[in-house]
Amino acid sequence: MTLDTTALTQPIDRAKVRAFSKALREKGMLQSRAFTIIVFAFVGLAALFIVVPTFVSFMAIAFTGSSGSVFGLLPFAIMLVIAGLIAWAVIRGVGGAAARRYRLSLFASANGMTWHPGYSNPRLPGMIFDLGRNQELHDVMRRTKPRTLEVANYTYETGSGKNKQTHRWGYVALRLDTPLPHIVLDAVGNNGLFGGSNLPITFGRDQRLSLEGDFDQHFALYCPEGYERDALYLFTPDVMARFVDNAAALDVEIVDDWLFLYAKRDLATLDPATWEWLFATVAAIDDKLAQWARWRDDRLTRATTGAAASGIPGATVQGAPLLTPPPAGVAREGRRLKRGIPVWSFVVIAGFAAWWILTTVFGR
């Protein structure tokens, strides 16, 4: 499809932005102005009880000649500038968020999508959606034709107190025509220091499958044990080429009847180049997804004659085997990858063991 990114950058009418925000609040899709009022009230009270008394004190000092009129006002001037910058940041932040919502809504409408400000606890099967707490989707862009597509930003929290951390992800979700085995493509290009994966969980290395060509230089592919032939059926050379050429900067997960593309940054953004890249990537991958619709898990095959499982001798009608085609779905052993232990865990254990040996054996 031709992508129209005009709404992301064109000038906007502030009156329409305010009307749009008002409509969202009336629909319950946006918090009321109470929060904004509380913020401004806090800034106002801070100015009343801190800035004003300080100003009076410094004015008294300046005009009584105790410490010089010009230098006596300098601390107050600094405090006034700081208070002004805080007020400006609050006002700009509120206005910028409203303009962002309005632009994304216009962009969605111009490209056959819908926009939603977001919601909590998304019901999606991807690996990032069952981690942490306070899980939130933001700026959810969605379309249903020709294939269900969803682009959004996602956050969740881990730890507490000083160790509290907010994790930010952007994702693209494509609905597949049939459930497929759980397969993960860990992009090599976005790995961290010393080649460590940036994925939030680790998978057992006995599930790693090496593919032909230079695919392994771009992705580490994981599939459930026993599903290696199925992965090779799905990732034919032409499919591998599409992922290498278009999605090498993204991590990929196939789970149930969804395909997810992950990035550790916002993907629902006001940047036209990001949207053009995402839609080009989706188009390139979608062009090959039709052949995946024909995949069936032979483990689910059932004999029409009442045999307990496929391949059992004697399931015949007039001497010829009569087996129903496997139904859509994935056998239990192929639905989820087995998780592994992160490498850093071994490093911590080895470090602790070394410390214990040094302090208990050689420390005597």
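This is a predicted model: local features need pLDDT of at least 70, side-chain atom pairs count only at pLDDT 80 or more; totals for chains, interfaces and linings use all residues.
Residues are numbered from 1 along each chain as its sequence is written, and side-chain values use heavy atoms, with hydrogens and water left out.

I begin with the aromatic rings. Rings of Phe, Tyr and Trp (its six-membered ring) are paired if their centres lie within 6.5 Å; planes under 30 degrees apart count as stacked, over 60 as edge-to-face, and the rest as tilted. By this rule, there are 18 aromatic pairs. In one of them, Phe 129 and Tyr 171 have ring centres 5.2 Å apart and planes at 85 degrees, so the pair is edge-to-face. Phe 129 lies in the loop between strand 1 (114-116) and strand 2 (133-143), and Tyr 171 lies in strand 4 (residues 165-187), so this pair ties together parts that are 42 residues apart in sequence. Helices (H or I, at least four residues) and strands (E, at least two) are DSSP runs, numbered from the N terminus.

Phe 129 and Tyr 171 are buried. Here buried means under 20% relative accessible area, exposed means over 50%, and partly exposed lies in between (1.4 Å probe, protein chains only).

Phe 129 also forms an aromatic pair with Phe 260, which is tilted, with 5.7 Å from centre to centre and 50 degrees between the planes. Since Phe 260 is in strand 7 (residues 251-263) and Phe 129 in the loop between strand 1 and strand 2, this pair ties together parts that are 131 residues apart in sequence. Phe 260, like Phe 129, is buried. One aromatic cluster is formed by Phe 129, Tyr 154, Tyr 156, Trp 169, Tyr 171, Trp 258, Phe 260 and Tyr 262.

A ring may also have a charge over it. The criterion is NZ of Lys or CZ of Arg within 6 Å of the ring centre and within 35 degrees of the ring normal. The charged end of Arg 299 sits over the ring of Tyr 227, at 3.7 Å from its centre.

Is Thr 178 buried or exposed? Its relative accessibility is 4%, so Thr 178 counts as buried. Contact means heavy atoms within 4.5 Å. Leaving aside neighbours within four places in sequence, Thr 178 has contacts that include Asp 256, Asp 257, Trp 292 and Trp 295.

Finally, the salt bridges. The term denotes a side-chain nitrogen of Lys or Arg within 4 Å of a carboxyl oxygen of Asp or Glu. The structure holds 14 of these salt bridges. Arg 100 forms one with Asp 139, and the closest N and O atoms are 3.0 Å apart. Arg 100 lies in helix 4 (residues 69-110) and Asp 139 in strand 2, so the pair ties together parts that are 39 residues apart in sequence. Arg 100 is partly exposed at 23% relative accessibility, whereas Asp 139 is buried at 9%.

A salt bridge also joins the side chains of Glu 150 and Arg 142, at 2.6 Å from N to O. Glu 150 is buried, with a relative accessible area of 5%, and Arg 142 is partly exposed at 30%. Arg 147, Asp 177 and Asp 286, lastly, are linked in a network of salt bridges.
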